[in-house]
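Thanks for coming, everyone. Please have the sequence and the structure open while I talk.

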Amino acid sequence: MNYSKRGTAERLKATSSTSKKLKTKAGVILLTICLFAVLLAGALGISAGLGVYQSIIDSAPDIKDIDVSPDGFATNIYDRDGNLLQTLVQAGSNRELRSYSDFPQDLIDAFVAIEDQRFWVHQGIDIKGIIRAGILGLQGGHFDQGASTITQQLIKNNVFNGGSESNLGDRVVRKLQEQYLALQLEQNLSKEIILEYYLNTINLGSNTLGVQAASTRYFGKDVSDLTLSECATIAAITQSPYGLNPITRPERNAERRSQVLQNMYEQGMISKEEWDEALADPVYERIQNVNTAVVESSSPYSYFVDELIRQVLSDLQTKLGYSEAQARNKLYSGGLKIISTQDPKVQAVVDEVVNNPENYKSTRDEYLDALSFTYQLTITHADGSTTNYSEGHIKQYYHNVKNNTAFQLVFETEEEIHACIDEFKAYVLETGEEGDTIWGDNLDITHQPQTSMVVMEQHTGYVAAIIGGRGPKTASLSLNRATRTTRQPGSTFKVLSAFAPALDARGATLATTYYDEPYSYYSQPISNWWGDYYGGYGSIREAIIFSSNILATRCLMETVTPELGIQYLKNFGFTTLNDENDTGLTLALGGIYNGVTNLELTAAYAAIANGGVYTEPIFYTRILDNNGKVILDNQPETHRVIKETTAWLLADAMRDETYIHRQECFTESGSHTVVSSGLDMNFGDMYAAGKSGTTTATKDIWFTGFSPYYTTTIWCGYDNSISMGDLHTGSFHRRMWREVMERIHEGKENIGNPMPSSITEASVCSLSGKLAVEGVCDSDPDGSTVITEYFAPGTVPTEYCNCHVKLTICDESGQIAGDGCPMERRYERVFRVLPEGSTRVTADSRYAVPQDFLEGNVCHIHSGGYYPDGADLWWANTHQPEPEPEPDPEPAPQEDMISE
């Protein structure tokens, strides 16, 4: 029985042992399977990981296709003497390239010490750095220790747009590709080239890219002149261009700078003495001083640069085929070098003269200095909506609410302006909705009257100087009154729209005359600027000298036609004409729908100064790309507008206008002396010719003229086109024109305006413009009317004067001698013949044939007093000799310029 128990126990033990063996075996098998599975999974994971990695590498850019050189550079504009005028910078383009040899060793060492201490020995990636960063990350739980080499940073900035990924996965992909490309890049580029690209690329705060831009911005010096302390300061910025900016966060930059210097010392780049000396350097004081100077000297673009920018943007599109966006990007970040046409000496004179308050005085020695303003006001309502107001609403308030219809936005003091605005704001709030508040307002005060001036070299088209307003310029690309504002040109248009086409295409001459008397065209009356006094017969030369409205209008309507005048004006370069509205008699007087710009008026007169050839005004001569290659060689477009002889004749007449001339004009109530409109505009011995222009109520005053070197135009007026008062205000602009021209011609030789060889002279009668009759025209009751005038080929008159008549008078009766009058009682007398139908008193009517003579009345004492068949008048053209034939006239420059 005991056996039995023992056997059972043994059997149970044996069974248990067998079970354990089976379990152990099963466990081993299971463990083996698990280990295999793990190994298989690991192998598959590694294989998959390698596949993913290979896929990432395969999707990386090809090393042959990437460009790690710096991109995005500031554009520099230079005047014609090579002086820097302006730097054009947009975000991401304030960069100036420097070569590796320009960098001081301290600068190179500073960046290597703080950014990549094994740069000179690794092959693109720093394995030790990666391991160190990983260990520190595991220990501290923050993987913020950088392990990127300088080579990787260069690739990140120039290939991967600075590494701006939005999620971890993308960052991992970029990092792996970055490391892969870094290894390849180091096989293709030297360490020095990599470092050169890097130092020209990095963002160093304050909108500076690269160490040269930073050196200029923070220290006002070239990078090659940086000290050890300054090098460490710039190198300290790299980790955080905003947070370590030495201007706005000098304390944080100083901490990083200290680390840079310590690294340099520990890596054997500098001695302990150099380290201590650099730490003691008050570098941040210098940075603040430079920053103060930069801020104070920063200013908006000049008027010249404003227009140059517009011209360059236009040419990049029209000449190189850029889109508007491409042209703007090329201009502001393409690193262009633009050589402008600006003459710095001429520009300085123009700026000084136009901005001198002493030059704004009337002939009564009264200052012409007022203030106007532009204003924007935004009111926020309770519901969140807004309403905007401007200075126009202020004017309406005074006109409509205060019944002050004479109110203009012109003031004597700034205090008056602020009082006006405060009153308007109070009115808006009082009459508005409940809960209205002022969200904001903006005020810009401007001096009045305003001025613009252009100085252009007529032979090259180069704009030497330009100014688009007086007073401080507060914004770039702002209102430019010389190029972007159109104003009525007044009498400056007489030469261009009437007299030029008359001489050039209609056979008229400077001696051609029209009659100055009350004149209307289809019930539209025209009067002269000097009032209701009339000069009678006047030539084109006299019409230019005295700026006669009536003679110019008659020339346009009776000789030229408005249609032909429009054609010539367009050929003179005007782009603002309106065919429908401008084709009328006021075209001769500059009364046009849109007005003209100062620049286009200057270019038109420059064509006359240039022998009849129009040259497009340009603001730059060449544009070079960042590599010094010329991408635009700006040759101005030219074409002939008028014949050379026409240009010389017009210039000769305008030369007369610059001297003082006087003319007596008459009306029934008396006489008036008219003084030439250009007055004395001569300066020194230099040749000068020009034309004045004044619009109705003296809203615009002009003078445009030229020398052998420059064509210069000045305009003055109020921005809101109000009257500047009587004519006593109308000469200050001419004084400014003369001062500018006199100063910019100092030291220049007077080469005059040589007369074309085909121009000839002939004696004519000033009343008729025809050949003078001996014994008649030289016996005019007011003195001889025989003058010598210049003529283009084929235009010398062939007819004799018909504006004089010589009559035989009986001295006893004072009437025309009849057959019965004794010979001893007879004498001859010359009279002037008025145009048919002329009845008003003029300068000629005093000497006209008496009306009873014209009616046939003769001596009532000796000859019965009347001839039924009319008086036997001895006209001046009786027995005229045959003139010698003249050569054929020169052909007009273009066929369409002479067509009706």
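One definition to begin: two strands pair if DSSP finds at least two bridges between them. Helices (H or I, at least four residues) and strands (E, at least two) are DSSP runs, numbered from the N terminus. This is a predicted model, where local features need pLDDT of at least 70, side-chain atom pairs count only at pLDDT 80 or more, and totals for chains, interfaces and linings use all residues. Residues are numbered from 1 along each chain as its sequence is written, and side-chain values use heavy atoms, with hydrogens and water left out.

Strand β14, residues 620–624, runs antiparallel to strand β15, residues 630–633, and three bridges join them. Ile623 sits opposite Leu632 in β15. Five residues lie between the two strands of this hairpin. In the turn, Gly628 has a positive phi of about 85°.

Next, strand β7. Is it buried or exposed? Buried means under 20% relative accessible area, exposed over 50%, and partly exposed in between, with a 1.4 Å probe and protein chains only. Strand β7 covers residues 450–456, and seven of its seven residues are buried. In a regular strand, side chains alternate between the two faces of the sheet. Here, Gln450, Ser452, Val454 and Met456 point one way from β7. Thr451, Met453 and Val455 point the other way.

Which strands pair with β7? One is β21, residues 711–717, antiparallel to β7 and joined by seven bridges. In β21, Trp715 is the bridge partner of Ser452. Another is β8, residues 463–467, also antiparallel, over four bridges. Val454 faces Ile466 in β8. β7 and β8 form a hairpin with six residues between them, and Gly461 in the turn has a positive phi of about 85°.

On to the cores. A nonpolar core is a set of buried Ala, Val, Leu, Ile, Met, Phe, Trp, Tyr and Cys residues joined through side-chain atoms within 4.5 Å. The largest one has 64 residues. Which of them touch the most other members? They are Leu496, Phe499, Ile540, Phe572, Phe574, Ile608 and Leu650. Several elements each supply at least two residues, among them α18 (540–546), α23 (644–657) and β20 (700–706). Helix α17 gives the most, with nine residues.

Take Phe499. Contact means heavy atoms within 4.5 Å. Leaving aside neighbours within four places in sequence, Phe499 is in contact with residues including Ile540, Leu551, Cys555 and Leu650.

Finally, a second, separate core has 49 residues, including Ala110, Phe119, Ile270 and Ala278.
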